[in-house]
Every structure is written in C-alpha cells, then in structure tokens.
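Here is a short tour for anyone meeting this structure for the first time. Take a moment to look it over, and then we will walk through it together.

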There are 2 protein chains.
Amino acid sequence: METKEYDLIVIGAGPVGENVADRATAGGLRTVIVEEELVGGSCSYWACVPSKALLRPHGVLSEARAVAGAREAAAGDLDLPAVLRRRDAAVGDWDDTGQADWLSSAGIDLVRGHGELIAPRRVRVAAADDTVTLLAARHAVAVCTGSAPRVPAELADIQPWTSRDATSAHELPASLAIVGGGVVACELATAYAGLGVRVTMIVRSGLLGRVEPFAADAVRAGLEALGVDLRLPAAVAEAHRTEKNAVLTLDDGSRVVAEQVLAATGRIPRTSDLGLENVGLVPGDWLAVDDTLRVEGTDWLYAVGDVNHRVLLTHQGKYQGRAAGDVIAARARGGDVDAAPWGAHVATADHAAVPQVVFTEPEVAAVGLTAAQAQDAGHPVRVLDVDLASLAGAAARADDYRGRARAVVDDDRGVLLGATFAGAGVADLLQAATIAVVGEVPLQRLWHAVPSFPTLAEVWLRWLEAYGRESALTTRR
Amino acid sequence: METKEYDLIVIGAGPVGENVADRATAGGLRTVIVEEELVGGSCSYWACVPSKALLRPHGVLSEARAVAGAREAAAGDLDLPAVLRRRDAAVGDWDDTGQADWLSSAGIDLVRGHGELIAPRRVRVAAADDTVTLLAARHAVAVCTGSAPRVPAELADIQPWTSRDATSAHELPASLAIVGGGVVACELATAYAGLGVRVTMIVRSGLLGRVEPFAADAVRAGLEALGVDLRLPAAVAEAHRTEKNAVLTLDDGSRVVAEQVLAATGRIPRTSDLGLENVGLVPGDWLAVDDTLRVEGTDWLYAVGDVNHRVLLTHQGKYQGRAAGDVIAARARGGDVDAAPWGAHVATADHAAVPQVVFTEPEVAAVGLTAAQAQDAGHPVRVLDVDLASLAGAAARADDYRGRARAVVDDDRGVLLGATFAGAGVADLLQAATIAVVGEVPLQRLWHAVPSFPTLAEVWLRWLEAYGRESALTTRR
C-alpha cells in the first residue's frame, strides 16, 4: 500500500487541530488532518456552541425581566421548539460540509477515519468503510484529539447522558439529575432549568472548584433561584433504572428519581486508541508537553489542546494551536524558535492568563490567578473587591443588579495578576482584564484608561480607588 | 461681611467638581464646593443617567426579541408608566440629599447658591434666599460648571425642549421633532422612538460627526428600523407653534409638524455669569487650559470638565478632575508635579484615548483615533476591519447579529491607536481597547490575550489575524 507523505500530520480536526494545521500551512508545510467524526470537533457540535444556544434564550429573557417596564413585555413563555431549532441551526444540523470546505480552501488535506500511530511519524487511518490510508510525516505529528466525558463506575450501568447528549437532545426530559458540580454541570443545569426541566444536582464538594469562592456562591444562589435542587455535599452510591426513571441512591441514603441522568464528572484524554504504545507512550494517559507543545522525550510529536491537560478550554487550545503550528513550521524549516516567555512559539498564557466564562445566571468570568492561587505562588498579593451593584452602569442595566468583582494585584510590581467577575453580562468585561494581565500594564497607568459612564466597565475605577492613587498627602494605600 | 477662607474653592458640584474636591481634600486641602442647583450635576439628573434609564427597557427587549425562542416570550408592550417610574428612581426623584451627605462625609463644605468670581481667588455666592457668602481661596479656584444646551436662533421663539426636558419629561408627546444629529440627538431619538413616540430628526450634515463612518451608518439604519423619519441634510428655516403643535419649515420648503421639538444642536460653556470679566477673562468663552487643567495665563484658576472644551463627556471630566485635584494639592503643598505624559497630574488620555459609548440601537463604542484622525495626525496607519457577524459569540448572542469593528494600528510601532465597535452589546467591549491603547500593549503580545469562546471579545482574534502573525514563511502581513 502506498504511503502518503506530508510535512505534518494532525490527528483531530476540532478547532485546535484546525489552528495547528492552518498555522503550519501558512508556514509552508504540506499538512494533512485526520478526523473520525465531524470536522469542527466537539466544541462546534456537542459542547460550547450548542450549550450556549440552549442557554441564551432564557438568559436574555432574564435580562429583560430585570428591567421594570420591559419585565411586563417579556412575561410570556419561552418557545421550546424554537429554542431547539435555533440550537440545531447553531450546530449546522451536525453537518460539517462548511468546515471541510474551509480546510480545502486553506490548502489542508483531509483524511476521514480513525488515526493511529504505528511508529514514530507514521499514522494509519482506518475509515468507516474499512479503507485504510497510510501517512508519513517528514517532520511532525500533532495529536489534537481532545478529551471525552468520564462516566463514573457507579453510573456506568444506567448509561447516563454525557454533555454530548445533553447538548444535542431533541426531547427534553421532565426531570434531570446532574452528577457533578463543574462548569459543564453548572451550565447545563442552568440551561435545562431555564427550559423548564426539573433539575437536581448531586455535587461531591463545592461548585466550580477553582474559581473565587464568591463567584461559586453567586452561581449557587443563581441555580437555587432557577429552582435547581442542590444536593451538596453528596455522592451517588448506587444507581438503577425503572421503566420510566433512573433512581439514584446517595451516600446519605436519600434518593433522587429523575427521567434522565447526566454524568458531568470530569474528562478523560482521548488517547486510549491512538497507538501510543507503538511510540513508547502509555495509551489513556494525558500527554505531557513543554511550552512549545512538544511531547516530552520526543522531537517529532506534539500534543495540543485538552489532550495535554494544560487547560481544558477551546479558546486556550486554539491559542496553543497557533503557537504549535508556528513552531512546528519554524523547526521544520530550520528557522529561529521564539520560545522566550510571551514569544510566538510558546503558550505562556497557559500559566499566567487563562480566561474563562461560565455562562450561568449570573455569569462568571475569570482570568489569571485567584487570590488563593497568587498567595500559594508566593506573590505579594493585594485583593481589591468591588460590589458591582454600586456602579451606575449596573443600575442602568438591571434593577437590583447583584454582582461582585475581584482584582488580584501584585503589590510590589503594581500589576494585575488576575480578576474574577460574577454578575449578569460580565462575560464581555473579561478581555480588558486579560489584556491588563498579559500586557502587565501598571495600575498607575490604568488610571488613564477611563471607563465610559455609565457602563459596567466602571468597575476599573472602583478597583483603582481601592488600590489607591498617590496624592500630595499620602502615598498609595 | 466675613469672608470664609479655604485652600480651594470649587464652583460646580457635578461629578467633575466632586472629583476635584475629593482628590484635593485627600491631598490635605480645606475645600469648599459651590452649587446653585442639585449636587450631582446634570449627568445625574438631566443627562447620562435618566437618558440611559429611558433607553434600557426597549434596548433589552430588542435583545430578547433578537433570539428565537425568547422572541415569542417578549412580544408584549413596554409598560410606559413603569419605564418613567424607573427613570424617576434612577435620578433619586431629583433629590440630592444623598450626594450632599457624601460631600459632608468626605470633609468637603458645601455652599448652595450661584458663585461668581469677584477678584482673583475671591468668590461671591448668592443663594436663592438672597443670602450672600464671600469665599477666599488660599491656593486655587476650580471652575467645573459644565456646559448647557445651545438653542439655535431659529428655534428660540418656540421655546423648544432641550435634553434636560427630554430626559425629565413625565408625559410623552405623541410626536417629537429632534433638531440635530449628534450623540444627544441620536440617543434621545432612539429612546423616544423605542417608547412609541413618532420621531422626526432634522440633521444638517451627517449623524455622529466624529465617529467612524461605518458606525454612523449603523446608527442611521437602526434609527430607520425604529421608524424614525430622518431628514438629512436639512435645516430649520422657520418655526412657529399652533395650538397643539410646533410647525417647522425646512430649508427645502418641506414642513415637519410635531407636538414637541427638541433642540439638540450642541453645547455652550456655562461661563457667562461667573464674573470672568473680574479676572481678565471673557464671559461666555470656553476656558482654555494646559494639561494640568490650569487656565492659561493664571497660576490659581483651573477649569475642569466640559467648561474647558477638551472633551464633553462626564467620565472624561471626572478623569480630569482627579488629575486637577491632585495637582492643585501638590502645588499648594510645594510638592512635585508629575506632568510627564501619563503622569498623575495630567489628562494625557484627553489627547490619545477618549472612550465614548453611544447608547443607540445598535450601540457604538469608540476610543482613541479614527482612521481619518490617525492619518491626519501623520501616523503610519493600518486599518483592520472585522464583521462581527462572523463571530461565534455574535451568533450565540442574537440571530442575524449585525455589527462591525475597526482597529486603527500604528504600523511602525505595532500598537493600537484607536478602535470603534458598532453592534448590540458592544459597550462593554470598549474597556479592553482603551487599556490596549493607554497601555501601548504591542499587538504581538496581544496574541497571548486569548478571548473567551464564544464571546464578542473574539473580535480581537479576528483583528490579530488580519494584522498578521510572524510565521516561518512570512513576516507580518
């Protein structure tokens, strides 16, 4: 059988693989991408995009209902079939023609099927129709296969929904039990409760483990306001199905009965069937990489996105993908590698400035270090807390606006290390904080970055007032 | 009569005067503030705050109606009495007790009445009850009296509404003719049209003179979609009233008949009755200042906010106020003056980074230089245009989202000079651009400021892609 030769083989055509391939192609490499499901990946079809489509209709109605005068005009019921049709449109009815066309237009070859490493730089692709394609890479292979939901042992027998099912469902159950308390659990609880489903969450420890505690508290209050029955701390001890329902027995002996169960209990790497054993690695493991996204101990294998376990977020994987595509091309062509911090060929922000938005009601948006993380890392930390309700922009936006924002400052260097916002409409406040963290813009300079009145961005003014400004009498603070 | 002595006299207790007084007091100066109307100023009672209160209910309903599934739930009518009650609450029913209490808590004395300069550093305050207070300043006087609407001669006879009337009205006219095409005209046209009033705009030249043309076009389309009858270019030649209506004859001979007329044709400085003639200045003039906000040719007089004609925006006036209060205190105490660009005692951002949001439908948000302004200033300009509809965050937010964003880049230095956004919900995108401009964060560093997926902030990614990224093959662009 003929082996097709490329400079670079990318396994996995989600947003991450697409970015690796795109940048490498721009850098002059002949690139092929291998995909066994839909080009565009989980994010486009079974995660970020459809979950936001399910969340937005109730979310925007809540915003309207928070404003006297508009509240009365927005008192009708959500049109559930219209919500689901809108979700279907958002995922392009699970048709990847457009994305495949984009690959072609970018000069990237696509081979459909399951890719497996059979030796260093060699990939075998088995298509659903048993066609086999052998690929060889002159320079590198990039694994961009992402992660899959982890189904815990105690739920395995009842075959629960995973986020894939919950984001693609065409019929809503009357009741849904969600096991887990992370971002996926909280977002899908919000979505389903907003759509009128009776939701119970079974959460082992706190919600949203790594965010600032005040943000987790705000999400908890929001879920309860939506009628979600929160069992916390609690775990499933046993699960079985009756004819109509699933029955979960919790560790305190109580029971939860629900038409459907969603396992949202973490992710596992999609590396178990990649042939890692043929190149000296362990199937099922996350793939540890250096800051150029190259797998440790190899000079040809890259792992980009979820699969390297640095940050499990689409946008951060795309960011890694740009660096990886560029550095693969640079190395292939014997060019300079720009691997200093914040260089073009490293994913420095993975350590210092990962942004995340949780699309709950209220939203949570965070970047960089929390106060606890900054303290643990040994920074001289100063914490600035602002009640967003004190802002004219909050009062303009909603009656009885509730929200809070925290800035974490390196008190020696006078720069922002992180920020967390919780409140309606905070998602779009995040980029300003991300730029301040990444750009290491001094807070004294930020006094000149005037927020427009009256917008939520005036949180910056409150932070700066709390931080202090040198006056004729006092020095800062 | 006894003369009361202070370190600093501030004339005008709007947000600008409050900031001057607050910072000077923090710097150790004994400060008095003089106010003839309400403490809190126009912004709180007759401008920014009530106009946003009138805009938000329809604005948020429009957002809900842009999302299938929610649209059906938000099909009711605005509750107009509730909208007006909410506006009344936003302005505290035009009661300034809370703001006056704040002055007191900050250690700032308040004298109510009309202030007039009678000599350098001397102010005479005449209260409504004819009480007169004489004030003397050991160090400085700061004029923060702001600006007032200009009523053009051809409308003077019919005593039109100004923005004060339009923002504080308790009964809505059936029809409103708005003369002017600037921010006030466009926002109030949006507000009144959204509340069901038949609105005609008579605009001499283009809308929103100084914004990027594409943003003005978007606002024009938005006004037309709200049913506003735009007469452009057109001017009022003659105006008279009948029993029920005002009748405007335009310069092309056509007529506009409306129950009420709003003059939104610019602003004049509130300096005609300040006694400027007693200190060698011309009543009715704008007060020219240096970057420390000190009136040229004096060593004791400051003019802060609208009245100096640098930037007619509340937030920018407050920004000037902080610098002015600090520098007045520094000079009074013989301390160092930090007057280098971006120092604590100068309003550098007035030249380089003025942010503004126009709360129309769609919103416009802009900071820094437009492409034309940057070219005129001799910068090596590169323009990056992005169709916001191409963003996943736009599709998540609204069906058929329309919007556009432009970045203006200094192509030699690789930094942002300005940015303009037009689209629903862009107000809170602005601060990120403001920080990038003020912080002079290099675009190559901004590749590490990852926008969260899927949010409108992904506009940054599109801008950066358009700008280019060094690859192994190509240098930027």
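## A word on handedness

A crossing is called left-handed if the near helix is turned anticlockwise from the far one by less than a right angle, and right-handed if clockwise. Please keep in mind that this is a predicted model.

Let's begin with helix 1 (residues 15-26) and helix 10 (residues 314-332) of chain A, whose axes come within 7 Å and cross at roughly 25°. Angles under 35 degrees count as roughly parallel, so helix 1 of chain A is roughly parallel to helix 10 of chain A. Their crossing is right-handed.

On the side of helix 1 of chain A, the contact residues include Pro15(A), Val16(A) and Asp22(A), while helix 10 of chain A brings in Gly317(A), Lys318(A) and Ile328(A), among others. The residues of this contact divide into 8 nonpolar, 6 polar and 5 charged.

## Helices 3 and 8

Next come helix 3 (residues 48-65) and helix 8 (residues 183-194) of chain A: their axes come within 9 Å and cross at roughly 50°. That angle makes helix 3 of chain A oblique to helix 8 of chain A. Here the crossing is left-handed.

Helix 3 of chain A takes part through Ser51(A), Leu54(A), Leu55(A) and His58(A), and helix 8 of chain A through residues including Glu187(A) and Leu188(A). This contact has 4 nonpolar, 4 polar and 1 charged residues.

## Two chains

How is chain B superposed on chain A? A rotation of 180° with 0.0 Å of shift along its axis does it, with an RMSD of 0.0 Å. The two copies are therefore related as by a two-fold rotation axis. Both copies use the same surface, as 100% of the contact residues of chain B recur in chain A.

Note on methods: Residues are numbered from 1 along each chain as its sequence is written. Chains are lettered from A and ligands numbered from 1 in the order in which they are written. This is a predicted model: local features need pLDDT of at least 70, side-chain atom pairs count only at pLDDT 80 or more; totals for chains, interfaces and linings use all residues. Axes are lines fitted to C-alpha atoms, for helices over the stretch in contact, and angles run from 0 to 180 degrees between N-to-C directions. Helices (H or I, at least four residues) and strands (E, at least two) are DSSP runs, numbered from the N terminus. Angles under 35 degrees count as roughly parallel, over 145 as roughly antiparallel, 65 to 115 as roughly perpendicular and the rest as oblique. Two residues are in contact if their C-beta atoms, placed from the backbone, lie within 7 Å. Ala, Val, Leu, Ile, Met, Phe, Trp, Tyr, Cys and Pro count as nonpolar, Asp, Glu, Lys and Arg as charged, and the others, Gly among them, as polar. Copies are superposed by least squares on the C-alpha atoms of residues with pLDDT of at least 70 in both.
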